Amino acid sequence: MAIRIYGIPFSTPFRAVAMTADVLGVKYEYIKANPMEGDTQKKDFLALNPQHNIPVMEHGDYVLNESRAIAGYLAQQFDPNHKLYPRDPKIHSKINQRLFFDTNVFSSRLHDIALPMILRRKEPTHKRLELMEEATSWANDMIKTTGYVADTDHLTIADLCFLSNYSVLQATEIIPLTSYKEMDEWATRISSQVPNYKNVNQKGASDMAKLYKTSLESSGTL
């Protein structure tokens with residue numbers, strides 16, 4: 001069955017899925033769906049996903065949205081060794097906890113800064129920046145134990161989801177990252193395990209950074 005993934009590369013959730021597919025060697029048809037150009041409000045897209053968010057995956061007649069759910073699905077379907085999303089209840093639950101943290105804290109705080117600037121040229125408040133530093137500090141602490149996000153000794157989908165966001169922090173320079181030595185080393189290590197990293201993540205993160213910095217310049221901040 002053919003796999004189609006709808007989204008846009010500057011989207012951090014889309015890139016988390018793209019990296020997961022890349023690590024697994026899963027081929028898919030990329031279909032551009034850019035919310036900023038109204039693609040996700042079109043009739044055909046809304047028929048797939050009334051919530052009009054990206055990414056969306058079609059695998060035959062099975063449709064799924066939400067990036068972390070898609071990453072988990074791909075790992076369970078196409079990883080015969082169950083390394084990316086292990087079945088052991090304790091490891092599986094720890095990965096889920098990290099994914100929930102990524103959704104509700106790390107990614108959320110990043111987008112609370114980046115999206116208002118990109119879409120409305122609204123500068124981040126000092127409080128927003130403090131919250132981003134706090135979330136990054138927590139993420140850095142998670143990595144200290146084993147060098148991976150979910151206390152494993154190997155790559156999991158939690159690492160890939162975190163990396164899609166951390167690479168934007170690196171590219172945008174929203175906050176100083178010099179204090180997060182473990183996370184910087186982790187990012188280098190994880191990116192080396194994604195076969196086509198430059199195409200599936202780095203380029204999209206750079207594109208998002210360009211949008212962010214262009215908006216900063218327009219607002220007179222830079």
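Start by selecting residues 157–172 and 181–191, helices α6 and α7: their axes come within 10 Å of each other and cross at roughly 115°. Helices here are DSSP runs of H or I, at least four residues, strands are runs of E, at least two, and both are numbered from the N terminus. The axes are lines fitted to C-alpha atoms, for helices over the stretch in contact, with angles from 0 to 180 degrees between N-to-C directions.

Before going on, note that this is a predicted model, where local features need pLDDT of at least 70 and side-chain atom pairs count only at pLDDT 80 or more, while totals for chains, interfaces and linings use all residues. Residues are numbered from 1 along each chain as its sequence is written, and side-chain values use heavy atoms, with hydrogens and water left out.

Stay with the helix pair and show side chains. On the α6 side, pick Asp159, Leu160, Phe162, Leu163, Tyr166 and Gln170; they meet Met183, Asp184, Trp186, Ala187, Ile190 and Ser191 of α7 (contact means heavy atoms within 4.5 Å). These contact residues divide into eight nonpolar, two polar and two charged (Ala, Val, Leu, Ile, Met, Phe, Trp, Tyr, Cys and Pro count as nonpolar, Asp, Glu, Lys and Arg as charged, and the others, Gly among them, as polar).

Now jump to residues 1–82, which an unreviewed UniProt entry annotates as "domain: GST N-terminal"; such annotations may be inferred rather than shown by experiment. This stretch is 38% helix and 21% strand, and its end C-alpha atoms sit 21 Å apart.

Colour the strands next. Four of them form an open, mixed sheet in the order β2-β1-β3-β4, where two strands pair if DSSP finds at least two bridges between them. The edges are β2 and β4 (62–65), each pairing on one side only. On average, neighbouring strands are turned by 20° against each other, direction ignored.

Zoom in on β1 (residues 3–7) and β2 (residues 29–32), a parallel pair with four bridges. Arg4 stands opposite Glu29, and Tyr6 opposite Ile31.

Then select α3 (residues 67–78), which lies across β1, β3 (56–59) and β4, at about 135° to β4.

Two backbone stops remain. In the loop between α2 (43–48) and β3, find Pro55, joined to Ile54 by a cis peptide bond with omega of about 5°. Finally, go to Arg121, in the loop between α4 (89–120) and α5 (126–144): its phi is positive, about 55°, although Arg121 is not a glycine.
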